[in-house]
Amino acid sequence: MELGLVHLYWGEGKGKTTAAMGLALRALGNGCRVVIVQFLKGADTGEVPLLRQLGAEIYRGKAGQKFVFQMDEAEKAAARAVQNANLAAALARPADLLILDEACAAWQLDMVDRALLERAVRERPAGQEVVLTGRAPAPWMEELADYSTEMRCCRHPYEKGVTARKGVEF
């Protein structure tokens, strides 16, 4: 991982976080240090305990379980503080691979210190790979991406009434 490239997994389709976590597994399997920030995610998902067991450092959580659009200004401020603290803590750790999961949404919804998030990518240590995920990337994210993969939904079982399933969607 000498070059330290930027990966962007974005779009409306499923698989952005899954791709990022797959890369985390590959990096861990090769002895790399992996740090993950999951913005705006609070509920545990199946991959988190296993990634931690394998040595990944994971920063996640939000103030409460509401979606941002459901929050009042005080709740947004509390959630923003959690996101900023998580990002700052993650950036203080050495990492060969830094995953910023849902960075696009955190940026778009103004739920993170935008300057800090952008610096995390632009001023990353030499050789550090960075992964950004989310539906709609900021222009600077697209500009910096060495890898840019758009996830586009062609079909999803939700359209037939199938709800999210443990072990597949979470």
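The legends below describe close-up views of a predicted model. Local features are given where pLDDT is at least 70 and side-chain atom pairs only at pLDDT 80 or more, while totals for chains, interfaces and linings use all residues. Residues are numbered from 1 along each chain as its sequence is written, and side-chain values use heavy atoms, with hydrogens and water left out.

**View 1. The largest nonpolar core and the residues with the most contacts to its other members.** A nonpolar core is a set of buried Ala, Val, Leu, Ile, Met, Phe, Trp, Tyr and Cys residues joined through side-chain atoms within 4.5 Å, where buried means under 20% relative accessible area, exposed means over 50%, and partly exposed lies in between (1.4 Å probe, protein chains only). The largest core holds 32 residues, of which Phe39, Leu100, Leu117, Leu132 and Met141 touch the most other members. Two or more residues come from each of β1 (6-10), β2, α3 (73-91), β4 (97-101), α4, α5, β5 (129-134) and α6, with helices (H or I, at least four residues) and strands (E, at least two) taken as DSSP runs numbered from the N terminus. Helix α4 gives the most to this core, with five residues.

**View 2. The surroundings of Leu132.** Leaving aside residues up to four places away in sequence, Leu132 touches Val6, His7, Leu8, Tyr9, Leu100, Ala103, Val121 and Met141, a contact being heavy atoms within 4.5 Å.

**View 3. Two aromatic pairs, found by a search of the whole structure.** Rings of Phe, Tyr and Trp (its six-membered ring) pair if their centres lie within 6.5 Å, and planes under 30 degrees apart count as stacked, over 60 as edge-to-face and the rest as tilted. Phe67 and Phe69 are stacked, at 5.8 Å centre to centre with 5 degrees between the planes, and both of these residues are exposed. Trp107 and Trp140 are edge-to-face, at 5.3 Å centre to centre with 65 degrees between the planes; this pair links distant parts of the chain, since Trp107 is in helix α4 and Trp140 is in helix α6 (residues 139-144), 33 residues apart. Both Trp107 and Trp140 are buried.

**View 4. Two loop residues with positive phi.** Leu40, in the loop between β2 (34-38) and α2 (47-53), has a phi near 60 degrees, a positive value in a residue other than glycine. Leu40 counts as buried because its relative accessibility is 15%. Asp110, in the loop between α4 (103-108) and α5 (114-122), has a positive phi near 55 degrees, and it counts as partly exposed because its relative accessibility is 35%.
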